[in-house]
Amino acid sequence: MEALQTLDFAIEAIEAMKFPVEPKKRGRKPDLALQDFIFRLHGIYIYRTGRDPLEGVYRNAISDRYEGRFVRLAEYILGQFVPDLAITNASIGEHVRRTIGDRS
């Protein structure tokens with residue numbers, strides 16, 4: 001009888017706790033500020049040039065760098081205005097890909 005009471009108590013305690021329904025995602029959390037920057041720059045780029053920002057954006061397997069006008073623009077702006085962040089070309093390219101590219 002005591003075992004059933006303990007089991008009932010355990011069940012009630014578990015039901016009272018709010019466990020997440022979905023499992024936690026693995027990996028790094030996205031940098032929302034950088035994603036927002038890329039998304040806003042994307043809109044400005046389209047407005048000013050009339051071109052698709054992803055036009056010419058690709059990862060060069062030889063140099064292991066992202067290339068294209070939009071990536072160069074983002075790299076330049078970030079390098080000039082927030083050099084302390086030291087954001088790499090790979091990080092910018094991946095954020096472009098995730099925010100407006102094939103994984104958006």
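Reply: A residue is called buried under 20% relative accessible area, exposed over 50%, and partly exposed in between, using a 1.4 Å probe and protein chains only. The model is predicted, with pLDDT of at least 70 needed for local features and 80 or more for side-chain atom pairs, while totals for chains, interfaces and linings use all residues. Numbering starts from 1 along each chain as its sequence is written, and side-chain values use heavy atoms, leaving out hydrogens and water.

Arginine 59 is partly exposed, because its relative accessibility is 45%. Its partner in a salt bridge is aspartate 64, with the closest N and O atoms 2.4 Å apart. A salt bridge here is a side-chain nitrogen of Lys or Arg within 4 Å of a carboxyl oxygen of Asp or Glu. Aspartate 64 has a relative accessibility of 47%, so it is partly exposed as well.

The whole structure holds five salt bridges by this search. One of them joins arginine 40 to aspartate 36, at 2.9 Å from N to O. These two residues are four apart in helix α2, so about one helical turn separates them. Helices are DSSP runs of H or I with at least four residues, numbered from the N terminus. Arginine 40 is exposed, because its relative accessible area is 56%; aspartate 36, at 35%, is partly exposed.

Another salt bridge lies between arginine 97 and glutamate 94, where the closest N and O atoms are 2.6 Å apart. Both residues belong to helix α4 (residues 89-99), and they are three residues apart, so about one helical turn lies between them. Arginine 97 counts as partly exposed, its relative accessibility being 22%. Glu94, Arg97 and Arg98 form one network, joined by salt bridges that share partners.

The structure also has one aromatic pair, found in a search of the whole model. The ring centres of tyrosine 45 and phenylalanine 70 are 5.5 Å apart and the ring planes meet at 85 degrees, so the pair is edge-to-face. Rings of Phe, Tyr and Trp (its six-membered ring) pair if their centres lie within 6.5 Å, and planes under 30 degrees apart are stacked, over 60 edge-to-face, and the rest tilted. Tyrosine 45 sits in helix α2 (residues 32-49) and phenylalanine 70 in helix α3 (residues 69-81), 25 residues apart, and the pair links these distant parts of the chain.
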